[in-house]
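Please read this note with the sequence and the 3D view side by side. It is meant for someone new to looking at protein models.

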Amino acid sequence: MKIGELARRSGLTAYTIRYYEQIGLLPAPDKGASGQRDYDASILVWIEFLGRLKATGMPIREMLRYAALRQTGPATDAERRVLLEKHRDKVRGHIADLQANLLVLDAKIAGYADAEERTETNGQDQREPLRARHARTR
């Protein structure tokens with residue numbers, strides 16, 4: 001497939017695809033008789049995986065290291081596994097931090113909801129008298 005088709009199917013821009021090739025994240029594609037890039041559809045799986053690494057916060061230098069190990073072949077399986085395990089640990093730590101932050105947000109939201117419910121239960125909005133007073137002093 002040509003670069004435009006790969007861009008459309010992968011969600012990357014043609015510029016990004018060329019950049020990824022230049023830095024070594026994507027392997028150099030075959031070139032057709034006209035000299036245009038010709039990609040095998042299997043590159044889409046690799047691009048999707050790179051997207052997941054990026055989405056989970058893996059730095060480009062680690063992605064490049066992983067890509068270089070991948071190019072070397074099965075002899076680097078153990079190194080690639082270790083690299084991914086370390087990244088997974090970082091992702092899990094980030095998820096735990098996000099969950100802790102979510103608990104704080106939930107508690108704050110619940111506090112506001114409780115206060116609003118108490119105000120409604122008392123049959124009056126405590127803020128209304130302040131608005132009325134403010135309107136009279138204008």
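The points below go from the whole chain to single pairs of residues.

1. Basis of the note. This is a predicted model, in which local features need pLDDT of at least 70, side-chain atom pairs count only at pLDDT 80 or more, and totals for chains, interfaces and linings use all residues. Residues are numbered from 1 along each chain as its sequence is written, and side-chain values use heavy atoms, with hydrogens and water left out.

2. Overall layout. The protein chain has six helices and two strands, where helices (H or I, at least four residues) and strands (E, at least two) are DSSP runs numbered from the N terminus. Read from the N terminus, their order is α-α-β-β-α-α-α-α.

3. Burial and surface. The protein chain has 138 residues, and 21% of them count as buried. Buried means under 20% relative accessible area, exposed means over 50%, and partly exposed is in between (1.4 Å probe, protein chains only).

4. Contacts along the chain. Taking contacts between residues at least 6 apart in sequence, 44% join residues at least 24 apart. A contact means heavy atoms within 4.5 Å.

5. Aromatic rings. Rings of Phe, Tyr and Trp (its six-membered ring) pair if their centres lie within 6.5 Å; planes under 30 degrees apart count as stacked, over 60 as edge-to-face and the rest as tilted. The count by this rule is four aromatic pairs. One of them is stacked: W46 and Y66, 6.0 Å centre to centre with 15° between the planes. W46 belongs to helix α3 (residues 43-55) and Y66 to helix α4 (residues 60-72), so this pair links distant parts of the chain, 20 residues apart. W46 is buried at 5% relative accessible area, and Y66 is buried at 9%. F49 and Y66 make a tilted pair, 5.6 Å centre to centre and 45° between the planes. F49 lies in helix α3, 17 residues from Y66, and is partly exposed at 27%. Ring pairs thus join W46, F49 and Y66 into a cluster.

6. A charge over a ring. The charged end of R70 sits over the ring of W46, 3.9 Å from its centre. The rule asks for NZ of Lys or CZ of Arg within 6 Å of the ring centre and within 35 degrees of the ring normal.

7. Salt bridges. Side chains of opposite charge can pair when their charged atoms come close. A salt bridge here is a side-chain nitrogen of Lys or Arg within 4 Å of a carboxyl oxygen of Asp or Glu, and the whole structure holds seven. In one of them, the closest N and O atoms of R37 and E21 are 2.7 Å apart. R37 is in strand β2 (residues 37-38) and E21 in helix α2 (residues 14-23), so the pair ties together parts 16 residues apart in sequence.

8. Two further salt bridges. R52 and E48 meet at 3.2 Å, N to O; both lie in helix α3, four residues apart, about one turn of the helix. Where are E62 and K90, which also meet in a salt bridge? E62 lies in helix α4 and K90 in helix α5, so this pair ties together parts 28 residues apart in sequence. E62 is buried at 18%, while K90 is exposed at 52%.
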